[in-house]
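Hi,

Here is the structure I promised to pass on. Have a look at it first, then read my notes below.

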Amino acid sequence: MPPRKTDGPEPGRAPYFVRPEGRSRNAPKTRKPAPAHPAGPPGGASGPRPTAPRTRPATGAARLTGRGGVLVIALFSVTGTVIAHVAALPAAPGVAFTLACLLTVSLVRPGDLLSLSVSPPIAFFVAVVAAESVLALGNEGFARVLLLALASRLAQVAPWLFLGTALVLVIGVFRGLPGNLRDLGDELNGRK
């Protein structure tokens with residue numbers, strides 16, 4: 001190991017550990033400029049080269065964005081809540097929520113798994129509040145009816161809510177959720 005220099009570099013020169021103009025110690029002082037036009041195709045034929053058309057990679061299935069997945073969960077939850085009210089099926093919102101969770105975690109883009117994994121309970125709650133608000137309109141004591149409907153609906157659907165959220169997390173882990181978490185940590189720590 002060379003001895004450490006205590007004083008700075010000479011004026012107009014880089015420190016001794018910075019290599020001039022290249023990576024090797026014997027790099028030339030001047031660089032050759034890159035050619036303005038790339039070399040023609042092999043075989044001496046000149047002219048414009050054909051370009052391949054840009055196509056999206058075939059994925060085999062439609063892909064949802066994270067926001068689209070949250071919207072699907074909310075729409076299924078509203079539909080299930082209305083069906084439960086009209087047809088007197090208390091499990092309808094839970095079944096609709098769980099099916100929506102399975103559908104969205106299967107179809108969402110792998111890069112959006114992190115945003116989808118934290119959103120199902122929030123989307124369900126917002127959807128149920130909206131649906132129950134519409135269903136409580138016109139009743140005497142709107143606030144009381146709304147609070148009672150929300151409390152009973154959330155109590156009936158709690159097991160389904162846990163199941164749907166757990167399915168999103170488990171399937172998300174197999175589809176690349178840990179990589180998304182790693183990328184988020186890298187971005188937050190300035191490594192990316």
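Start with helix α5. Its buried residues pack against α1 (66–87), α2 (92–107), α3 (113–117), α4 (120–136) and α6 (177–188). Helices here are DSSP runs of H or I with at least four residues, numbered from the N terminus. Contact means heavy atoms within 4.5 Å. Buried means under 20% relative accessible area, exposed over 50%, and partly exposed in between (1.4 Å probe, protein chains only).

This is a predicted model: local features need pLDDT of at least 70, side-chain atom pairs need 80 or more, and totals for chains, interfaces and linings use all residues. Residues are numbered from 1 along each chain as its sequence is written, and side-chain values use heavy atoms, without hydrogens and water.

The protein chain has 6 helices and 0 strands. Of its 192 residues, 24% count as buried.

Back to α5, residues 142–175. The helix bends by about 55° at V157, and P159 follows within four residues. The bend is the angle between axes fitted to the seven residues ending there and the seven starting there. Buried residues of α5 include L146, R153 and V157. Just after α5, G176 has a positive phi of about 120°.

Now the salt bridges (a side-chain nitrogen of Lys or Arg within 4 Å of a carboxyl oxygen of Asp or Glu). There are 2. One joins E132 and R153, at 3.0 Å from N to O. E132 lies in α4 and R153 in α5, so the pair ties together parts 21 residues apart in sequence. E132 is buried at 3% relative accessibility, and R153 is buried at 9%. D112 pairs with R109, with the closest N and O atoms 2.9 Å apart. D112 is buried at 16%, while R109 is partly exposed at 40%.

Best wishes

Definitions and conventions:
Helices (H or I, at least four residues) and strands (E, at least two) are DSSP runs, numbered from the N terminus.
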